[in-house]
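Visitor: Hi, could you walk me through a few helices and how they sit against each other?
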Amino acid sequence: MRGCLLAIAVLLPATAAAQGADAMLAFSNGHFNEAANLAQAHGDADNYAFAARSLLAKAVSGDVDPDPVVVGQAWKLAEEALAIDPRHVEGRLQLAISMSLTARPMTTRQALRSGYGEKARDLVLSIIEDEPTNAYAHGFLSVWHVEVIRRGGRLGATVMGASVRKGRRHYQAAIAANPTDAALHWQWARVLTALNADKYREEIDATLTAALALPTETALEGIMQSRARTIETAFATLTEKEVEGLAAEML
C-alpha cells in the first residue's frame, strides 16, 4: 500500500500576490521549469514558494508518478521560503504537498515512521488558523481525510481522527471560498471514487459535473479537468471496481 496515511492533494493555485508577470505567465502556460527559475531568481519568500509550486505542478502534471528529485527540489524551495518567513502561508502549503508526494511510493510502515501525514496535516491546519477561508488549505484537508480512510483503513482513521464527514466539510469550505476552481471539485470526486465508487456515486457525479462545467485559465487547471473527464468516461465503460482503481492511481 503506497503512502498509507497521506493525502495527495494537487491543489495548486494559479496566481500569487508577489510574482513577476513573466513567472506567472510561464506557469499559466504550463512552462513550469521556466516559472520556477524566474521566481527563484528573486530570492524572497513569496518567490521561493511560487518556485516550489511550479515544480510541484510539473511533478503532478505528467502521466507518470511524480519524479522524487523534482519533489525534493520543491521541498527545499518551500523550506527556503519558511526560513525567511516561518509563517508564510504558501510556503507551508507547498511543504505539505511536498511531504504528501514524497510519501506516495512508501509502504504503510514507511509512511507511518516518516510522520509526514501528521506533519502535513498540522502545517495545513496552521494555515487555516491564520486564514480560515483559504480554499487550498481546506481542499488539501478534504483529500487528506478521505485518503487516510482509504489507505489506512479503520485503524488509520481512528488514530489520525479522519472521517468522510470532516473531509466533506473541508470540501464545502473550499468551494465556498473559491467556487470557480475545477481542481477543488476534481480532487473531491477523485478521492470519493477511489474510496467507494458505488456508495458515493451520486455525489461523485455531481462533483465531476461541477469540475467539467467550469472554464479553465491555466494549463494545470486544464489537466485537472481532463482527468475529471477521464473518470466520467470510465464510469460508462468500466466496472466500478476498475474505476476505483483508476482513480486511486491518479492525482
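Visitor: What covers the buried residues of H1?
Guide: This is a predicted model, and in it the cover over the buried residues of H1 includes helix H2 (32–40), helix H3 (45–61) and helix H12 (219–237).

Visitor: And which residues of H1 are buried?
Guide: Helix H1 runs over residues 21–28, and its buried residues are Ala-23, Ala-26 and Phe-27. Looking down the axis of H1, these buried residues fall within an arc of 100 degrees, so they line one face of the helix. On the other side of H1, Ala-21 and Leu-25 are exposed.

Visitor: What happens just after H1?
Guide: There you find Gly-30, which takes a positive phi of about 85 degrees.

Visitor: Which residues in H1 and H3 meet?
Guide: From H1 there are Ala-23, Met-24 and Phe-27, and they meet Phe-50, Arg-53, Ser-54 and Ala-57 in H3. Sorted by class, the residues of this contact of H1 with H3 divide into five nonpolar, one polar and one charged. Ala-23 and Phe-27 are also among the buried residues of H1.

Visitor: New topic: how do H7 and H8 pack?
Guide: Helix H7 (residues 116–130) and H8 pack at an angle of about 145 degrees, with their axes 11 Å apart, and H7 passes H8 in a left-handed crossing. On the H7 side, the residues making the contact include Gly-117, Glu-118, Arg-121 and Ile-128, while on the H8 side they include His-138, Phe-140, Trp-144 and Met-160. By class, the contact of H7 with H8 has 10 nonpolar, two polar and two charged residues.

Visitor: Is His-138 buried or exposed?
Guide: His-138, which lies in helix H8 (residues 135–160), has a relative accessible area of 8%. Buried means under 20% relative accessible area, so His-138 is buried.

Visitor: What does His-138 touch?
Guide: Leaving out residues up to four places away in sequence, His-138 touches Ile-128, Pro-132, Thr-133, His-170, Tyr-171, Ala-173 and Ala-174. Ile-128 is one of the residues that H7 brings to its contact with H8.

Visitor: Okay, and H13, which of its residues are buried?
Guide: In helix H13 (residues 240–249), the buried residues are Val-243, Glu-244, Ala-247 and Ala-248. They cover an arc of only 140 degrees around the axis, which puts them on the same side of H13.

Visitor: What do those buried residues of H13 pack against?
Guide: They pack against H8, helix H10 (182–196) and H12. H12 is also among the helices that cover the buried residues of H1.

Visitor: Last one: where is Ala-228 found, and what does Ala-228 touch?
Guide: Ala-228 is found in helix H12, and at 0% relative accessibility it counts as buried. Not counting residues up to four places away in sequence, Ala-228 touches Trp-186, Leu-208, Ala-211 and Leu-212. From C-alpha to C-alpha, Ala-228 and Ala-210 are 9.8 Å apart in space, and they are 18 residues apart in sequence.

Key: Residues are numbered from 1 along each chain as its sequence is written. This is a predicted model: local features need pLDDT of at least 70, side-chain atom pairs count only at pLDDT 80 or more; totals for chains, interfaces and linings use all residues. Side-chain values use heavy atoms; hydrogens and water are left out. Buried means under 20% relative accessible area, exposed over 50%, partly exposed in between (1.4 Å probe, protein chains only). Helices (H or I, at least four residues) and strands (E, at least two) are DSSP runs, numbered from the N terminus. The arc is that of the directions from the helix axis to the C-beta atoms. Contact means heavy atoms within 4.5 Å. Ala, Val, Leu, Ile, Met, Phe, Trp, Tyr, Cys and Pro count as nonpolar, Asp, Glu, Lys and Arg as charged, and the others, Gly among them, as polar. Axes are lines fitted to C-alpha atoms, for helices over the stretch in contact, and angles run from 0 to 180 degrees between N-to-C directions. A crossing is left-handed if the near helix is turned anticlockwise from the far one by less than a right angle, and right-handed if clockwise.
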